[in-house]
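Here is a quick briefing to read with the model open beside you.

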Amino acid sequence: MADTNNTNIVTRFAPSPTGFLHVGGLRTALYSYLLAKKSGGRFILRIEDTDRARTVPGGVENILTSLSWAGVNPDEGVILRDGEASESGANGPYTQSHRLEIYKKYADELVAKGNAYYCFCTADRLAQVKEDRQANKLPPGYDGHCKNLSKEEVENKLKNGDNHVIRLAMPDDGVCTFHDLIRGEVSFKYSDVDDQVLLKSDGFPTYHLAVVVDDHHMQVSHVVRGEEWISSTPKHIYLYECLGWTPTLFAHLPLLLNSDRSKLSKRQGDVAVLDYKEKGYLPEALLNFVAFLGWNPGDEREMFTLDELVSEFSLEKVNKAGAVFNIEKLDWYNREYLKKLDDEKLLKYIDTFMPEVARNSVNYKNILPRLMHTLLERISKGSEIAETYTENISYFFEKEKIDEGMLVWKSLKDNPNALDITRGYIAEARAILEGMPVESWDDREAIKGALWPLTEKYGRGEVLWPLRVSLSCRDKSPDPFELCYILGREEVLNRI
RNA sequence: GGCCCUAUCGUCUAACGGUUAGGACGCCGGCUUUUCAAGCCGUUAAUCCGGGUUCGAUUCCCGGUAGGGUCACCA
């Protein structure tokens, strides 16, 4: 349904499928989503696939999957400004490569109006110009060579079928000042702005043309994008002016940074949203974390669901400075959200990260539900299960060799009969456990209660340490009561 | 190099002229304890520098410095 009410904010997320959606993109999408949703407006997804050479197979799929995993879902059935039917419908996002005639039409209009011109320069000449200008310490950029071509020359070259692009003719003087919703007033001299290509020789638009045309037609009110676009904004605003349209409002977000404060990149860790999914980060955790990179509610609350973010979010509270993507904090968030999972979900979660060896154990199905909470205390994400499996987990699923020297508690170390004495303790413990009613095995406290008199008789470390070691074959593990509970009667009696 | 943006603990940040500069993560320490982990408690730690404006600057202005972004027929 058409919405002509301007009080509602319309935003869009416009990634290009040239790789995988990364966490910075997710944050941009999230902020755009929050801004629109908070006002009761719409959030549009638009695929900017105007670079044929760099478009990656599966790129669109990856964007869609990532967004939907995170729960940042675009609206459907968007109506365009001029009333044409929504190409998006319920089936997918807008895609620029499907809208080529629209951009062409406006590029032609711009040429007709004298705001743009044909350029026939070859790549070689362009490279030469760039080199020369740099040698003269001028900023690299187009020198305007084709701007002054006569009508006849242009027509001849066109008739000739010469390769050409269409460039925007930037004014020689004047200043572009705009109010960035995050940074305040920003201005650029038009003379510092290059004559950008609008339509490439393959007939595809560049970002600059496509973004303006689409944002206008899709009734976008607020453009939320990364700071790297701020210096291109004058081109966009000028384009709006030439086309006789009202520019959108702009909000340029601070960048996400590596720990060395360079722009977040693949080299220093994972950046793809789905990498985080695979490592076992919960979408709620990633989203909550990423939301707080450059924004905060103004008080000391830190845990926010997507819905809570919608009601709390405001652009005024978005910071200006770049933010380091700090994995430790993400890990903390993830564990907090993991703790909130109910047993059924936690079981499923832990299960998906368990290695094959564990799965093949006959006791797997019995042990896992009892082990999961204990395990959760030791990990902050699923991928750590595999990393720490051999060291800290494998013994639950298969009995391993015990180093008998490890069996003796430190207080008995000097006693020549330490091992025999310790074996005696273990034997007594075993007898107690064997005589324990079957239902007590489901109750940690009952197990503890049964074993406790022994510790009072011989000492805690003297009894508990060897018991724990003989059950886990490790010098580090949960306490013996916990081990008994997790392993179950049969396995415990078997191991002791 | 030109242009633009930015600057509070190691990190994410609060303080929109007056606070012992607050919180969170991490680090470190303590408690608990049979080990490990978890949990609880606590400590450490910051206003980039220099000038203004002001009775008073983290906060406003100017200048440095540092970092980042951008200057493609890439987005």
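Cys473 sits in the loop that links H18 and H19. This is a predicted model, where local features need pLDDT of at least 70 and side-chain atom pairs count only at pLDDT 80 or more, while totals for chains, interfaces and linings use all residues. Residues are numbered from 1 along each chain as its sequence is written, and chains are lettered from A and ligands numbered from 1 in the order in which they are written. Helices (H or I, at least four residues) and strands (E, at least two) are DSSP runs, numbered from the N terminus.

**Single residues**

- Cys473 has a positive phi of about 60 degrees, although it is not a glycine.
- Cys473 counts as partly exposed because it has 18 C-beta neighbours inside 10 Å. (Buried takes 20 or more other C-beta atoms within 10 Å of a residue's own, exposed takes 12 or fewer, and partly exposed is in between, with C-beta atoms placed from the backbone.)
- Gln219 also shows a positive phi, near 60 degrees, and is a residue other than glycine.
- As background, most residues other than glycine have a negative phi.
- You'll find Gln219 in the loop between H6 and strand S9 (222-226), and its 22 C-beta neighbours inside 10 Å make Gln219 buried.
- Gln128 belongs to helix H4 (residues 123-135) and is partly exposed, with 13 other C-beta atoms within 10 Å.
- From the C-alpha of Gln128 to that of Glu356 is 59 Å, and the two are 228 residues apart along the chain.

**Chain A as a whole**

- Chain A has 20 helices and 12 strands.
- Its C-alpha trace spans about 105 × 55 × 40 Å along the principal axes.
- The radius of gyration of chain A is 32 Å, whereas a compact globule of 496 residues would come in near 23 Å. (The radius is taken over C-alpha atoms, and the globule rule is 2.2 Å times the number of residues to the power 0.38.)
- Buried residues account for 34% of the 496 in chain A.
- Take the contacts between residues at least 6 apart in sequence: 75% of them join residues at least 24 apart. (A contact means C-beta atoms, placed from the backbone, within 7 Å.)

**Helix pairs**

- Helix H16 (residues 418-435) and helix H18 (residues 460-472) have axes that come within 9 Å and cross at roughly 75 degrees. (Axes are lines fitted to C-alpha atoms, for helices over the stretch in contact, and angles run from 0 to 180 degrees between N-to-C directions.)
- That makes H16 roughly perpendicular to H18. (Under 35 degrees is roughly parallel, over 145 roughly antiparallel, 65 to 115 roughly perpendicular, and the rest oblique.)
- On the H16 side, the contact uses Thr422, Tyr425, Ile426 and Ala429, and H18 supplies Glu462, Val463, Pro466, Leu467 and Ser470.
- The axes of helix H14 (residues 364-376) and helix H19 (residues 480-487) come within 8 Å and cross at roughly 150 degrees, so H14 is roughly antiparallel to H19.
- Ile367, Arg370, Leu371 and Thr374 of H14 meet Glu482, Tyr485, Ile486 and Leu487 of H19.
- Helix H6 (residues 207-217) packs against helix H7 (residues 233-243) at about 55 degrees, with axes 10 Å apart, so this pair is oblique.
- In that pair, His208, Val211 and Val212 of H6 meet Lys235, His236, Leu239 and Tyr240 of H7.

Methods
Two residues are in contact if their C-beta atoms, placed from the backbone, lie within 7 Å.
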